[in-house]
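Thank you for having me at group meeting today.

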Amino acid sequence: MTDRTTRLFALLVSALIALGSAPAGAELSVTRGSAGQTDTASANQMPEWIYTLRPGESFREVADELLANGYTGARLLQYNRISNGATLAAGDSVRIPLSWLKRQPQPAKATSVSGTVQLISASTGRKMPLDENALIRVGDEILSASGTATVELADGSEVRISPNSRLIFNRLTQYGKAGMVDTRLRLDRGEVHTRVKPVMEGGARFEIETPSAVAAVRGTVFALQTSSNGSSLQVTEGTVDFGAPGKVRRIPAGFGASLSTGDRAGLSIRRLPPAPQINPLPATLTSLPSTMTWQDSRAPRHRIDIFETESGRWVESRTTAENSFDIGLLDNGRYEIHLAALDSRGIAGMPGVVPVEVDLQARAASLVAPNDGETVNDDMPEFRWQLKGQNEVARVEIAADQNFSNLITTSEWAPENTALPSRPLGPGKYYWQVVTEAGGNSVATTEARTLVVNGSLPPVRIISVNYIDSQVRVFWEKVDTATDYRLQLSEEPGFNNIIKEATLSDTTAALRLIPGRRYFVRLKALSDGPLESRWGPGRELYLE
């Protein structure tokens, strides 16, 4: 054997010995310099994490930042069989036992909440609404009724909680500045979609337990459902170790697994239905609704999930037996639309993902009435306009100045072409305009018009009705500023066919009616000037 062959054989044996001493599942970095003198016998004693020095870092700085109280840099050097920490440079690695690392609880945060979602505090036991940006601590529970929530963990991993779910946060630990986390959740019922950041070498952990199974991952995208019948898993990226505790199997992307309650049937693993082929959709939607279509996948149904890209908010989830879906009721922003085929058991397959941006632009409406400068005698005038765009809402704004710096009143936002002010207008001159909104953040405003309100008298209310023989006497309230009253009589409640109309100065009137017929009467107040009241409520009259 030549000297060169002897040296290569010795290096190979050394490498095999080093690999055999590594903890199971650990990903070992190649060491350089004096860091290569690691005591492999010590490495076998406890789980470790390997840290590789970055440019500009010293061993002392790393030890101070990563080691818990009671552990020193000198002890770490001794553990690694390194005589002098100053000899370590960028790229050199040291082994750190996990139990030596700093740890602290690290709360999760709700990044988005839609609908009814509640948080049960572990410290107080109180149940309260889950708000956006709320912190979620160890032991807390999230209950989603009709709502959804997205939770971000300390390492940036994301958990999306579907309606009718209960998720418990059993452990939320971060290993100091090492960047590793230990997250353990329990899904008692419902469904979660997760996007887990790849875990760092040796020690980081993400695990979700259900009443019948456990799912442990090292960086993946998957969905998990559980009910009284058992638990199901679908893996779309990476791998997940799934099954009954102590009996897990590694499930790769593109496969699903299910486990019945009681584990009588064992773990069932199957290939997921492939992602449907989605027909091209514009990258930017400038009008809604917009129809998304896909090619026939022979699946009995399909599931559509829409997520807000930035916040992860679960906007919508529904199933359809068709090969099309109308996208609508979305605010401006970026979204991901996930489409998956459902198998005969209702399990979703691999999703087809379409990113879209909604960019709706509001258009100024066309004003119809009142005309510019018009004078009205009604303190609740009707405003009318014509919308020009789709998916728009509008409201009328009424101000005392043409700059609309002092709004007197408005109408409610609505997709209508008419509106009344939210409160009566007193006599005076007003400016009014219509504002339209589309996509939640795009607005357009019409030109301003002026309006003069003379004012109005209070509506007239009928107090009582007396029947004497074939005569009916009607009594009504006196309006202090009224000089006269207008009375109308009709045979139908809409007063579209007036059979008698009279102007009266008193607050009572006698009417002769035909017995056996139904009539309706109403009144309004009049004044010397242009002011008058609105018609008061009608009153039914019937003479037997």
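Predicted model: local features only at pLDDT ≥ 70, side-chain atom pairs only at ≥ 80, totals over all residues.

Residues are numbered from 1 along each chain as its sequence is written, and side-chain values use heavy atoms, with hydrogens and water left out. When I say strand, I mean a DSSP run of E with at least two residues, numbered from the N terminus.

Let me start with an open sheet of 5 strands, which has the order β21-β27-β26-β23-β24 and mixed pairing. Its edge strands are β21 (284-285) and β24 (314-320), each of which pairs on one side only. Two strands are said to pair if DSSP finds at least two bridges between them. Within this sheet, strand β26 (residues 333-342) and strand β27 (residues 352-358) run antiparallel and are joined by 7 bridges, and H338 has V353 in β27 as its bridge partner.

Now, which strand holds R303? This arginine is found in strand β23, which covers residues 301-308. R303 has a relative accessible area of 15% and therefore counts as buried, where buried means under 20% relative accessible area, exposed means over 50% and partly exposed lies in between, using a 1.4 Å probe and protein chains only. The side chain of R303 makes a polar contact of 3.2 Å with the side chain of E191, and another of 2.8 Å with the side chain of D305. A polar contact here is a pair of N or O atoms within 3.5 Å; within protein, one must be able to donate a hydrogen and the other to accept it, and residues adjacent in sequence count only if both atoms are side-chain atoms. If we leave out residues up to four places away in sequence, R303 touches a list of residues including E191, H193, W314, H338 and L342, where contact means heavy atoms within 4.5 Å.

Leaving aside neighbours within four places in sequence, M292 is in contact with residues including I278, L281, F325, I327 and L339.

β37 and strand β38 (residues 471-476) pair in the antiparallel sense over 6 bridges, and V465 stands opposite V474 in β38.

My last topic is charge. Side chains of opposite charge can pair when their charged atoms come close. A salt bridge, as counted here, is a side-chain nitrogen of Lys or Arg within 4 Å of a carboxyl oxygen of Asp or Glu, and by this rule the count comes to 20 salt bridges.

One of them joins R461 and E477, whose closest N and O atoms are 2.7 Å apart. The pair links distant parts of the chain, with R461 in the loop between β36 (449-453) and β37 and E477 in the loop between β38 and β39 (484-490), 16 residues apart. Both ends are partly exposed, R461 having a relative accessible area of 45% and E477 one of 32%.

Another salt bridge is formed by the side chains of R486 and E501, at 3.5 Å from N to O. R486 sits in strand β39 and E501 in strand β40 (residues 498-504), 15 residues apart, and this pair also links distant parts of the chain.

How far apart in sequence are the parts that E540 and R518 tie together? Their side chains meet in a salt bridge of 2.6 Å, N to O. E540 lies in strand β43 (residues 539-542) and R518 in strand β42 (residues 518-526), so the pair ties together parts that are 22 residues apart in sequence. E540, at 38% relative accessible area, is partly exposed, and R518, at 48%, counts as partly exposed too. Finally, salt bridges that share partners join E141, R166, R186, D188 and E209 into one network.

Key. Helix = DSSP H or I, 4+ residues; strand = E, 2+ residues; numbered from the N terminus.
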